[in-house]
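Colleague: I'd like to learn how to read a two-chain model from the overall build down to the details. Can you walk me through this one?

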Amino acid sequence: MSIIRRPMNRRSLLKAGAASGLVLATPTIISRSAWAETNFRNDPTNSKTVTFGFNVPQTGAYADEGADELRAYQLAVKHLNGEGDGGMLSTMKPLSLNGNGVLGKKVDYVTGDTQTKSDAARASAKRMIEKDGVVMWSGGSSSGVAIAQQSLAQEMGVVFMCGLTHSNDTTGKDKRRYGFRHFFNAYMSGAALGPVLDKEMGKDRRAYHLTADYTWGWTQEESIANTTEGLGWETVNKVRTPLGAGDFSQYIAPVLNSGADVLILNHYGKDMINSLTQAVQFGLRDKLVNGKNFEIIVPLYSRLMAQGAGENIKGIYGTTNWNWSLQDEGSKAFVKSFGQEYGFPPSQAAHTCYVQTLLYADACERAGTFNPAEVIKALEDHQFDGMGNGPTLYRGSDHQCFKDVLVVKGNENATSQFDLLEVVEVTPASQVTYDPEIFGGELGPYKV
Amino acid sequence: MDAIVLQILNGLDKGGAYALIALGLTLIFGTLGVVNFAHGALFMLGAFCAVAFNKLIGLEQVVVDPTKTTAWGTPLETRVPYIEVWLGDTGTTMLNYSVPLSIAFAIPVMLLVGYVMERGLIRHFYKRPHAEQILVTFGLAIVLQEIIKTYFGANPIPQSAPDMVRGAMDLGIWIGFDPGTVVYPQWRIVYLFFSLSVIGGVFAFLQFTTFGMVVRAGMADRETVGLLGINIERRFTLVFAVAAVVAGLAGVMYTPILPPDYHMGMDFLVLSFVVVVVGGMGSLPGAVSAGFLLGILQSFASMNEVKTILPGIDQIIIYLVAVIILLVRPRGLMGRKGVMET
């Protein structure tokens, strides 16, 4: 065995340098996207399935709404995996999904219980991210909870597709790059209601607000008061009521002789059911004040809540994100799928959750990756149609969807137990669109 | 002035509910010495007796119309309550009066619930510390509300007052106010009189019957009554069942005011305990007076004029009064010496 030491000359140095450069450059040239893809949390590249998380209220006051959300998510997963009749996949435009899961991976899901409490929702979401490896999670029926989960999404680098949240803050001062809202907001409710209130109740009105004392209530009160004052109405009083007060009679009694001829109930869920029921019992709807019929307005309606309020909702105006009675192709396809699966029509909460799941999945297909930074870019400023609300824009600057808003009235001649809301006006998206700067906030970075 | 009258009325009917729940609570505490945290759940069970009765008499005949379909493509179903098919107008009237009629359904149900609860669980905790009683009854309350949620869902279920007393009435014109200034829901007035009647009935039962005399004697000195050869335990079982009925009836009649849901008992539980503490542990007149007093104070604290001076007072007034009472009169307004004292 002999060791021959050869002196390094210029030629061999150049050869060695070129070879080393080639070796070092190879990974980035050949597999640049693979390299990038492994650089995010819960990358499902090496798995046959991809997991979504559905974090809904399974206990507490919004459990029924949560159950409806879960039904919609399960239906969405079914449709994404090519089972069932496909639902809105047959009407969604543009569509990159083809019914074989997402990016060729079968969609699996895990569920969690938000309990409609911010801390419980965050804990449940964290478990989904860290233990179950979800690439996206969605759900919820409260703005406080949605805002808390959006912050977590930004911290963890996992996309959160909001469920039902109506506060301006969600896509306003508390907006996050990793949070997206399909549902409409309080500002849009006000903008949509304005012209209808003007037409139905005139310009000379005196309004009294009863408002749930938390983020959603405050923003709704502000938005509706801005709208009504813009019409020329006078705001007599704004009274904050504790969340879950149960008996609102002590807050309703002062309305009787306040000089107000309109009561605006900025309440949702059980609070809305109770305050509306009791306001009607106090005879407010039969009252004549300032020579006008006393009116009650519930700016945010939900069919599930309307069921709880029973016949008290008859003739009362409000807004809703979507209603199962809509006759566009997307709505009809979704109602048919949902109705055949469960035997009753979906709620607006179910609709927004179903749409959010499809939108996220479609964005992954368009991005060609589950990398959240790329998926976010695919969702931002994305325009779509066929999902039940007409042409819609997912605005990039605040992650808020802009679409038509429904002004509804409690149905006076209901034909079934589900036929509770009558659509009186479809307010076009252009009328409810606003400058994102008015609510401030910072989205934050793509990479976390 | 009309605002004050309205808040007094409001406080009285709110106080009626507090007094009814607190009455049962203090009756159990005074006789059995048990701190019953499941008492709110009994109020809720009563409310669901009204819901169940309404569903029972409202059972519907389903007729499928194959010529029409729903929005999701299944044949349309037309539903008519059997009771209307069988009894015609009488059936419609029964459905209209389902809440008051459900009292007849709730009394035996609540008696049975009270009896089973006392014999099956509570009696095993008579001699255990109060902390253990609280834990077991609180656990029972959670179990009961979860059972109700499983069967009836989490959403409130509206119950209507009979048409005759559904609207509001102008009380002002009877007491010298301008028409339309003191308008109050008729059912709430019915509720106020109902609660006064039940309270009166319970007091009469305890005051003027031999059974009541023995119970009162047992409340004062359980051991001596036992030494006289009276089976006080058997009577106390019935007292528990009566307390369950009182809470249940309070719940039944409250359903048109507050659409019942599985959690409504918990909402009233804490308030009722405060009422019992303010009234004096084990004092029946104390519980009733404190119920009305706190109801009225809560109503006044919600007046805009008061809230302008003291923001948020409406949410803490009851607890503030409880703190003051406990500082000034540690036994409560009408508390007896020796109750919960060592």
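Modeller: Happy to, and keep in mind that this is a predicted model. Let's begin with the make-up of chain B, which has 14 helices and 4 strands.

Colleague: How do I read the radius of gyration of chain B?

Modeller: You compare it with what the globule rule gives for a chain of that length. For the 342 residues of chain B the rule gives 20 Å, and the model's value of 22 Å is close to that, so chain B is as compact as a globular protein of that length. Along the principal axes, its C-alpha atoms fill a box of roughly 75 × 50 × 40 Å.

Colleague: What share of chain B is buried?

Modeller: Buried residues are those with 20 or more other C-beta atoms within 10 Å of their own. In chain B they make up 46% of the 342 residues. Contacts tell you about the fold too: of those in chain B with a separation of 6 or more, 74% are between residues 24 or more positions apart.

Colleague: And how many helices and strands does chain A have?

Modeller: Chain A has 14 helices and 17 strands. Its C-alpha trace spans about 115 × 45 × 35 Å along the principal axes, and 55% of its 448 residues are buried.

Colleague: Which domains does chain A have?

Modeller: Check whether a domain is one stretch or several. The assignment gives domain 1 as 49-184 + 324-402 and domain 2 as 187-320. Their C-alpha centres lie 30 Å apart, and 15 residues of domain 1 are in contact with 16 of domain 2. On the domain 1 side, helix 3 (63-80), helix 5 (143-156) and helix 12 (348-367) of chain A each supply at least two residues, with helix 3 giving the most, 3 residues. That side divides into 4 nonpolar, 7 polar and 4 charged residues.

Colleague: Now the chain contact: how many residues does each chain bring?

Modeller: Count both sides, then ask which elements they come from. Chain A brings 34 residues and chain B brings 33. On the side of chain A that touches chain B, helix 8 (249-256) is among the elements with at least two residues, and helix 8 gives the most, with 6. The chain A side splits into 15 nonpolar, 14 polar and 5 charged residues.

Colleague: Which residues have the most contacts inside the largest nonpolar core?

Modeller: Look for names from each chain. The core has 225 residues, and A:L263, B:L23 and B:V246 have the most contacts inside it. Helix 10 (residues 232-254) of chain B provides the largest share, 16 residues. Domain 1 and domain 2 of chain A both give residues to this core, so it lies between them. For a close-up, take B:L23: leaving out residues up to four places away in sequence, it touches B:I199, B:V202, B:V246, B:L284, B:A287 and B:V288.

Colleague: Last one: is helix 13 of chain A mostly covered or mostly open?

Modeller: Count its buried residues. Helix 13 (residues 372-379) is mostly covered, with 6 of its 8 residues buried. Among them are A:E374, A:V375 and A:I376. What the buried residues pack against includes strand 4 (159-162), helix 12 and strand 14 (392-394) of chain A. Check the end as well: just after helix 13, A:D381 takes a positive phi of about 60°.

How values were computed. Residues are numbered from 1 along each chain as its sequence is written. Chains are lettered from A and ligands numbered from 1 in the order in which they are written. This is a predicted model: local features need pLDDT of at least 70, side-chain atom pairs count only at pLDDT 80 or more; totals for chains, interfaces and linings use all residues. Domain bounds come from an automatic or database domain assignment. Two residues are in contact if their C-beta atoms, placed from the backbone, lie within 7 Å. Ala, Val, Leu, Ile, Met, Phe, Trp, Tyr, Cys and Pro count as nonpolar, Asp, Glu, Lys and Arg as charged, and the others, Gly among them, as polar. The radius of gyration is taken over C-alpha atoms; the globule rule is 2.2 Å times the number of residues to the power 0.38. A residue is buried if 20 or more other C-beta atoms lie within 10 Å of its own, exposed if 12 or fewer, and partly exposed in between; C-beta atoms are placed from the backbone. A nonpolar core is a set of buried Ala, Val, Leu, Ile, Met, Phe, Trp, Tyr and Cys residues joined through C-beta atoms within 7 Å.
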